[in-house]
Amino acid sequence: MIKKTLQYAWGVRREFAKYFIIGISGVVLDMATLILFKEVFGWSAVFSVIIIQAMMLVYVFYLNKYWTFRNKEIPHKQIVKFLILAGFNYIFSVSMMYFLEQVFDYRLVRLATIAVMVSWNFFLYKYWVYRV
């Protein structure tokens, strides 16, 4: 069991590294935009996350499709699956900001929700969204 797990992890290391790079760049863009919208423009954290989440969908979809998973298929079905996952992530993100912003700093709430979503997104992208 452990040997198979290690072999699997070794086999997906390049994909995961690319996914991780896209994720880190996404977090940097996400957080910078959130702080800009909240601190400079004076928007609420919840409204800012609503806007940012939509922008990040396009960024993440295309980079993961073409660079991480090297998928060249016409993306019609993939877009539908991606949007279902994105919809769930969107509801999760906005809900967490709505409920937790009153208790914790909005930046910590955003980082925590991103970390939680990363834990399930890699596998769902690989085996459901971009599966060939």
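Is Phe-16 buried, exposed or partly exposed, and what is its relative accessible area? In this predicted model, Phe-16 is partly exposed, with a relative accessible area of 38%. The points below begin with the chain as a whole and then turn to its aromatic residues and its surface.

**The chain as a whole**

- Taken along the principal axes, the box filled by the C-alpha atoms of the protein chain is roughly 45 × 35 × 20 Å.
- Of the 132 residues in the protein chain, 35% are buried, while the accessible surface comes to about 8400 Å², with 74% of that surface belonging to carbon and sulfur atoms.
- When contacts between residues at least 6 apart in sequence are considered, 72% of them join residues at least 24 apart.

**Aromatic pairs around Phe-16**

- The structure holds 21 aromatic pairs, and in one of them the rings of Phe-16 and Tyr-19 have centres 5.9 Å apart and planes at 40°, so this pair is tilted.
- Phe-16 and Tyr-19 both belong to helix α2 (residues 13-40), and because they are three residues apart there, about one helical turn separates them.
- Tyr-19 counts as buried because its relative accessibility is 6%, whereas Phe-16 is partly exposed at 38%.
- Phe-16 also pairs with Phe-122, and here the ring centres are 5.1 Å apart with the planes at 80°, so the arrangement is edge-to-face.
- This second pair links distant parts of the chain, since Phe-16 lies in helix α2 and Phe-122 in helix α5 (residues 106-129), 106 residues apart.
- Phe-122 is buried, with a relative accessible area of 2%.
- Phe-16, Tyr-19 and Phe-122 are among the members of one aromatic cluster, which also includes Phe-20, Phe-61, Tyr-62 and Tyr-130.

**Charges over rings**

- The charged end of Arg-13 sits over the ring of Trp-10, at 3.7 Å from the ring centre.
- The charged end of Lys-38 likewise sits over a ring, that of Tyr-106, at 5.4 Å from its centre.

**A nonpolar surface patch**

- Leu-36, Val-40, Phe-41, Trp-43 and Phe-47 make a nonpolar surface patch of about 460 Å².
- Within this group, Phe-47 has its place in helix α3 (residues 45-68), and with a relative accessible area of 38% Phe-47 is partly exposed.

Technical notes:
Residues are numbered from 1 along each chain as its sequence is written. This is a predicted model: local features need pLDDT of at least 70, side-chain atom pairs count only at pLDDT 80 or more; totals for chains, interfaces and linings use all residues. Side-chain values use heavy atoms; hydrogens and water are left out. Patches are made of residues with over 30% relative accessible area and no salt bridge: like charges are joined within 9 Å, nonpolar side chains (Val, Leu, Ile, Met, Phe, Trp, Tyr) within 5 Å. Accessible areas come from the Shrake-Rupley method with a 1.4 Å probe; for residues, only the protein chains shown count as cover. A salt bridge is a side-chain nitrogen of Lys or Arg within 4 Å of a carboxyl oxygen of Asp or Glu. Helices (H or I, at least four residues) and strands (E, at least two) are DSSP runs, numbered from the N terminus. Buried means under 20% relative accessible area, exposed over 50%, partly exposed in between (1.4 Å probe, protein chains only). Rings of Phe, Tyr and Trp (its six-membered ring) pair if their centres lie within 6.5 Å; planes under 30 degrees apart count as stacked, over 60 as edge-to-face and the rest as tilted. A charge sits over a ring if NZ of Lys or CZ of Arg is within 6 Å of the ring centre and within 35 degrees of the ring normal. Contact means heavy atoms within 4.5 Å.
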